Amino acid sequence: MFGIERMRALHAVATQGSVAAAAASLHVTPSGVSQQLAKLEREAGQRLLEPRGRGVRLTKAGQVLAGHAELILAQVAEAKADLELLREDVIGPLRVGAIPTTVHALLPPALATLAAQHPRLAVTLHEGEAEQTMPRVLAGDLDVAVLESWEDRPTVLPPSTTRIALFSDVADLALPAGHRLAHRKTVDLSEVDDLPWIGWTLGSGCYEWLVQVLRKQRLEPRISCTVGGYPTQLALVAAGFGAALVPRLAREPQPGGVRILATRPPLTRTIYAICRAGEEDRGAVRACLDALKGASARFSARVPTVDG
C-alpha cells in the first residue's frame, strides 16, 4: 500500500526533525521529500505532518506510521544484506542444464568438486540440448547451461547471456573395423559413400548438424539409425550398421570393432557454459563455472585422438 521511498522520507523526517534535514540525509531536495510525504498522506488518508513554528512535526498518525516505517526499512535492509550474502556465499540451490556429451564427461567431476568444496550448495542437473536449456536460462529456470556450438553450425547466443568457453572439441569418423577405409588415419567424408549413417534422434540439433555436414560433402544423408547417446551409436558402428561422427568428448569407452579416423576438413565445436548476464559474479554460479573449467582442463589433458 505504502511505497518504500515514501516510508523512507517519513522515517527521515521523524529522525532528523525537519524536512530540510531529512532531505540532506537522503541526498535529495526538500521539495522531493515534501512530494513523497504529500503522496504518503493521500495513501494513508490522514494528515501525517502539522506545522510547528517554522518547521513541521508528526501528528499521532504520523508517529504511528513512522514506527512502522522504521520496522519496514529495517526488514528491507536485512533482505538486501541476505541477498548480497547469497551473491558472495556459495549456498542455496544451483540448477544446471547440460548437453548429453558433457553430462557424461564433464559434469561428474565438476559436481564432485562442487560437493567437496561447497557442501551447502544444492545442485540439480538437467540433461538437454541447447534448444531446450537456453530458453530455461533466459527464463531463470536454470542458472547455468552447458552447450555446444559447431564451427559450421554455430549456436546463436542472446546478448542477455554471458558465455565462457570450456573446451574445443573435434568430431571424428567412426567406421566398422572391417570397412575398406578403416586402415586410414584421415579420410574425406565424401569417400564414405557406401554406408548408411547413424545419428542423433530426429529433430535434435545434432541430427540437423549431421544432415548439414553430409550435404556439404555432397553425400545423401542416408540415416538408418537415430538414437540418443554416442555409446549406443558406437555399438551400432561396431555391429556394422553404419558410420557415425562422434565427438572426442563422447568416446569413452570405445568398443572393439570400431576404427576412429580423422576427417578432412576437421569438424570442430566449442563447448560453452552460459548464464544470464551479470550472474557470473554470483557465488554459486561462479563456483559452478570454475568447477566446469577445471573439469574441462583435466579432460583436455587426456583427450582421445584417432586410432594409430
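F167 and F299 are both buried, where buried means under 20% relative accessible area, exposed over 50% and partly exposed in between (1.4 Å probe, protein chains only). This is a predicted model in which local features need pLDDT of at least 70 and side-chain atom pairs count only at pLDDT 80 or more, while totals for chains, interfaces and linings use all residues. Residues are numbered from 1 along each chain as its sequence is written, and side-chain values use heavy atoms, with hydrogens and water left out.

The whole structure holds three aromatic pairs. Rings of Phe, Tyr and Trp (its six-membered ring) pair if their centres lie within 6.5 Å; planes under 30 degrees apart count as stacked, over 60 as edge-to-face and the rest as tilted.

Helices (H or I, at least four residues) and strands (E, at least two) are DSSP runs, numbered from the N terminus. W150 is buried at 4% relative accessible area, and W209 is buried at 2%. F167 belongs to strand β6 and F299 to helix α10 (residues 283-300), so their pair links parts 132 residues apart in sequence.

D172 is in strand β6 (residues 161-176) and is buried at 1% relative accessibility. Its side chain makes a polar contact (N or O atoms within 3.5 Å, one able to donate a hydrogen and the other to accept it; residues adjacent in sequence count only if both atoms are side-chain atoms) with the side chain of R248, at 2.7 Å.
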